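Please view the sequence and the coordinates alongside the text.

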Amino acid sequence: MPDADYNDALKKLSMYLGRCYNMPVVILIDEYDTPIHAGYAKGYYEEIISFMRNFLSGGLKDNTYLFKGVLTGILRVAKESVFSGLNNLGVYTLLDKEFNTFFGFTEPETANLLKDYDLSNRFNEVSSWYNGYNFGGKVIYNPWSILQFTHRKPKIPSPYWVNTADTGMIDSLATKGGREVKEEIGYLLEGKSIVKPVYESIVIYDLEKRDDLLWSFLLFSGYLKTAGEKGQKNTYQLAIPNREVRYIYEEMIIRWFGEKIESSRIETLLNSLIKGNIDDFEYLLADIVEKVLSFHDTEGRESEKFYHAFILGLLVWLEDRYEVKSNRESGLGRYDAVLIPKDRTKIGIIMEFKKVNERKKETPEQTLKKAMEQIEKKKYTAELKAAGIKDIIKIAIAFKGKELWLEHSLLK
């Protein structure tokens, strides 16, 4: 057909329906901006914007057969230039209270649904996996995932929603971000929140030009939640909503490493660690650091945090066999990283990272000693012992630039 016929299709459909039923038409469009995302990701952004402008404006602007139109999506419609001249829109985002209970299950609804399926005893498990969204102050559960869970009744919850989503665009945006983005994703994986300005009006094309828009896009896409009160200049605390979404970030990190290192090499590294072959682990880790990290990553005051996030990203690969925790309280302080085996007969691992203080002319050996003493003094092994782990490896890692040193001891 000629392009004009496609452009006018929505308007003509409403005209035919209006004539047939002798009443005005309601147009409901879910995820109206999905074609725009696809156009951005696949390289036909300008063409899809041009089409959507004609297609949607035809149906929603100056359409005498229209009673009401409702659209849902990630992007604010008025700002993506697909509704030129359409100014009578009521726009509400997940930050607003209006309609905040209508785009997912509330906590009471989820509890009742689980009760109907004789799954009430799994409410806490379901909460950790599928809730956490904050819509205008209301806690909302992911409806697709809840319905899949009640239907399948799995022994272990699975990431149902993320397996239906195309994360290619998010991968692309996050990968384009520099060291700071990867560092902050590391913080999010540690269970921390980050403070960022939130922009409700996002134009996808601007995402390439402005790194600060990434976090707003992740929030409105469902990959982050607001985790605190609104601050000055529209800043919010942002965090990962639940275990299901955390899975996406873990997979993203695995893909980042996979682009630079063969997955088999990472598996060899981690197998050396959990089997207690720490000398092999040190050699392989030093090799991976040399290949993956840049000089700019390993320099500066924040390099210790970057190393922390980098190694945490590697440990993500072990989450099927270990609980990977970071910056949690244990004993008299907060450890950097701990691996708690799901099979309690296996080795538990505690890690502490420290940068060699060149300004104080500190040697790597002195740094390692300081890190190991901190593990002992602060009793970081307390959580592992409480979990019934008998064999514990304490690992101190010192680094300077792209060089690293390691010391370990086995506690039985």
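## Surroundings of Ser145

Apart from neighbours within four places in sequence, Ser145 is in contact with Tyr130, Tyr160, Trp161 and Glu244, contact meaning heavy atoms within 4.5 Å. Ser145 lies in helix H7; helices (H or I, at least four residues) and strands (E, at least two) are DSSP runs, numbered from the N terminus. Ser145 counts as buried because its relative accessibility is 0%. Buried means under 20% relative accessible area, exposed over 50%, and partly exposed in between (1.4 Å probe, protein chains only).

The side chains of Ser145 and Glu244 are joined by a polar contact of 2.8 Å. Such a contact is a pair of N or O atoms within 3.5 Å; within protein, one must be able to donate a hydrogen and the other to accept it, and residues adjacent in sequence count only if both atoms are side-chain atoms.

## Basis of the values

The model is predicted: local features need pLDDT of at least 70, side-chain atom pairs count only at pLDDT 80 or more, and totals for chains, interfaces and linings use all residues. Residues are numbered from 1 along each chain as its sequence is written, and side-chain values use heavy atoms, with hydrogens and water left out.

## Helix H5

Thr110, Leu113 and Leu114 are buried in helix H5 (residues 107-116). The cover over the buried residues of H5 includes strand S3 (105-106), helix H6 (123-130), strand S5 (138-141) and helix H7 (143-152). Exposed residues Pro108, Lys115 and Asp116 sit on the face of H5 turned away from its buried side.
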